[in-house]
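Let us walk through this structure step by step. Keep the sequence and the 3D view side by side as you read.

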Amino acid sequence: MPIGPEPPQLLRQKLFYKGRKFNFEVNRLRLPNQAEGDWECVRHPGGALAVPVTPDGKLVLVRQYRFTTQGRILEFPAGTVEPDEDPATTIRREIEEETGYRAHQWQALGKFFLAPGYSDEVIYAFLAQDLEKLETPPGQDEDEDMETVLLTPEELEQAIMRGDPIDAKSICSFFLARPFLNGSSNGARDQ
């Protein structure tokens, strides 16, 4: 069987809700194997994430309150890709707003589906190096409640293995970045 795009046949749209950041729909579909049913899907424009690394090898994360988890979790800085915006532009803005750092060296790490069982959201991951702390960082969004946290790669890996509250996109991106950490910037290229 092929891997990649193979859209189902839309038989009937049953529900559509347009939200602030994403849309929700329920559709009657016929799948490629001819099975028919009603499926729910969160339609998301995608997100961009940075794995920021300070000159001394520390990772820059945020401890952010998330109402869905009813608590604070560790995450790498990330944001929703705006309409007609390149993910690299998105993450350059978000890293400054969320952490107060600017990166001068960028490398694409890859892209991945976040939760394909119910969403089409794709995360575009980047390695951000040659960081500069901004004297006057841009203001955060009104609904953001976060603080910047610096960890070594080993400390983050230990937190992941302990089961500390860390989101999946950050864990995945950390392991994509792992070969470039510990002072190595081999293969880095500007984006």
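Start with one side chain. The model is predicted, and in it the side chain of Glu75 makes a polar contact with the side chain of Lys169, at 3.0 Å. A second polar contact links the side chain of Glu75 to that of Arg66, at 2.8 Å. Where does Glu75 lie? It lies in strand 6, which covers residues 71-75.

Is Glu75 buried or exposed? The cut-off for buried is a relative accessible area under 20%. Glu75 has 2%, so Glu75 is buried. Its surroundings include residues from further along the chain. Among those that Glu75 touches are Leu61, Val62, Gln64, Asp167 and Ser170.

Now move to helix 3, residues 168-177. Its buried residues are Lys169, Ser170, Ser173, Phe174 and Ala177. Seen down the helix axis, these buried residues fall within an arc of 135°, so they line one face of helix 3. An α-helix has 3.6 residues a turn, so residues three or four places apart point the same way.

Strand 1 (residues 9-18) and strand 2 (residues 23-30) run antiparallel and are joined by 8 bridges. A hairpin of 4 residues connects strand 1 to strand 2.

Strand 2 also pairs with strand 3 (residues 36-43), again antiparallel, over 8 bridges. Here Phe24 stands opposite Val42 in strand 3. The hairpin of strand 2 and strand 3 has 5 residues between the strands. In that hairpin, Gln34 takes a positive phi near 80°.

Technical notes. Residues numbered from 1 in each chain as written. Predicted model: local features only at pLDDT ≥ 70, side-chain atom pairs only at ≥ 80, totals over all residues. Heavy atoms only, no water. Helix = DSSP H or I, 4+ residues; strand = E, 2+ residues; numbered from the N terminus. Buried < 20%, exposed > 50% of the residue type's maximum accessible area, 1.4 Å probe, protein only. Polar contact = N/O pair within 3.5 Å; in protein donor to acceptor, adjacent residues only side chain to side chain. Contact = heavy atoms within 4.5 Å. Arc of directions from axis to C-beta. Pairing = 2+ DSSP bridges.
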